[in-house]
Every structure is written in structure tokens, then in C-alpha cells.
Amino acid sequence: VLFHVVGNTSASGLRLPADHGLSEVNAALAYLRMPLFAVIAGYVYAIRPVGAHWQTFALGKVRRLLLPLLTLGTLFGLMQMATPGVNAQGETSLLTMHIVPVGHFWFLQAMILIFALTVVLERLRLLATLGATLLMLGMATALFAFAQVPHYFSFDGALFLLPFFIGGLAARRFNLNGPAGVAGAALVMLVCLALLLDAPLERPVDALVRVGIGLAAAWLLFAARLKWAPLAWVGQHSYGIFLMHVFFTAPARIAMQKLGVDHLALLVPLGVLAGVAGPVLVIRLLERTP
């Protein structure tokens, strides 16, 4: 939510310069933000993997991923096209909507592709043993580092997220969160940070460092077992917040700026609050309607 409030470039969100502190925080968190989502997706999948009735699994993913993409994703694309004052106006077209991913809904398309691939890998038993899973992880990392794929249907997003999804799956399926796994993650993190701080990195080294930091950070966070009840309550609504926060962050920013509010100390926390509280309210209302 903070990412979309601040914006990833000087032409989006609050339109801050690239050297602003908040912009630098946003850029640094790219090594953790979407990778952590994918690690959690892989971890949760390993708890309830596809069984013999893959059709039931596929139907569940259609309801969970494709339906929100075609409803909320389409609504968001139409609003981008029609609403004055949004930063992404002109980027969405009716003719290419969802062929070219719309906003953050690229994540749903990428996960659809990943789950489809996972069904195939499971049936071939290529994720059944630690050795085979690590081989798939290595191949996924190599594809992300070296392969050039189109942005259409979020094939590039799927290649980006696949190593993290497999990493999350492996952590759960083979219990890699023990002391050895934590020590290994810490070592990988230190090596990757040393490379990252040494000089600007180019592909494929940058891609390898991204995978290393994302997986290591997720492993360390899982091992830390951090608990905070208020955040756990918010976490119950996390998927809805992910899907719907943009419907609230941009209007909140536009409204505040129309009212002459230009202090970041107000724009940022109020934008984040709108992006969290708005979806939670909608979810609570929708839950009353079967």
C-alpha cells in the first residue's frame, strides 16, 4: 500500500524525486515486497497442494484469481481511463486490457501461470523430493536471470515470481526453517547485500541477487516467528487489501491535494490508512452478501 501511495517513479503516486528518502525506501523494498507475496503463496500451496482431482484445484484458482482479475481488474482499468488526475491515465486500452496487464493485477495473471505450471510439475513428480525441487528452483532462477519474455499476460511477472514460489513451497514441504536453513539464509543475505552495495548491478547478476535477497529475507522472517495481534487482524484481509487498495489510495491523494494538503507527513499516513481501511470496510460489507 505504501508503494502505491509513494509511487515507484517521479511520475506516479506522490511524484517524488528519485533521490527522496521515501523513494529510496520504496526502491529498496522491491527486493522483498513481491517476492514475499510469492514465497507465502508457495508456502500456503504446500499446505494444501493439488491432489488427484486437479480440476477442483483449478476451479478454486479460477474463483480466487481469474474472477477478481476480470471484475476488479477490469473496473480498475476502466477507472484509470476515465478518471481525471490519475497518474497512469493513457496506459490502459480497451483493446489490450489484460493482454497487457493492468496495474498491480499483473500479479494475478502471473500466479495463474505459476499454478498451471505447478500442476504439471506435480504430476511429473518434479517437486516431490528436495533434490528435484532444488533443481526446479535453480532452473527457475536461471530463466529469470537470462530469459527474455514478453510482458503480455504477465509472462515476465511469472518468471520473476516463480523462484520465490518454489522457494516457499520447499520451505514448507521439506521443513527448511531449521537452524541450518536460517544460517544458510543469513549467509546468502550477507553475500547478496555485499554485491548489491559494491556497485550498480546488471543482469544476470542483479537477477540472481534479487532472488537471493528475496528468498533469504523471507526465510529469516518466517524463522523469526514475529507476532503482533493488530497486524494479524489486518492480515485476515490482506488479499482484499491487495486487490482493492488502489481504489482508495489514488482518490484519497487526489482529494487531499484538491483541498490543498501537500505535507508528506499527512499525505503518506492518510493515504496508507485509506488504502487499508477502505478495502477492510468493503470486505466486511461483502461478507454479509453470499
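Reader: What is the mean pLDDT of the protein?

Author: The model is predicted, and 97% of its residues reach a pLDDT of 70 or more. The mean pLDDT of the protein is 90.

Reader: In which helix is confidence highest, and in which is it lowest?

Author: Helix H6 (residues 130-146) has the highest confidence, at 96. At the other end, with a mean of 87, the lowest confidence belongs to helix H2 (residues 21-28).

Reader: By class, which residues form the lining of the second largest pocket?

Author: The lining has no polar and no charged residues; its 13 residues are nonpolar.

Reader: How far apart are the end C-alpha atoms of helix H9 (residues 205-224)?

Author: Helix H9 has 20 residues, so at 1.5 Å a residue it should span 28 Å. The model agrees with this expectation, as the end C-alpha atoms of H9 are 28 Å apart.

Reader: Is His 98 buried or exposed?

Author: His 98 is placed in the loop between helix H4 (54-82) and H5. Beyond four places in sequence, His 98 touches Leu 69, Leu 70, Gly 73, Thr 74, Gln 109 and Phe 153. Its relative accessible area is 11%, and a value under 20% counts as buried, so His 98 is buried.

Key. Residues numbered from 1 in each chain as written. Predicted model: local features only at pLDDT ≥ 70, side-chain atom pairs only at ≥ 80, totals over all residues. Heavy atoms only, no water. pLDDT = per-residue confidence, 0-100. Helix = DSSP H or I, 4+ residues; strand = E, 2+ residues; numbered from the N terminus. Nonpolar A, V, L, I, M, F, W, Y, C, P; charged D, E, K, R; others polar. Expected span 1.5 Å × (residues − 1). Buried < 20%, exposed > 50% of the residue type's maximum accessible area, 1.4 Å probe, protein only. Contact = heavy atoms within 4.5 Å.
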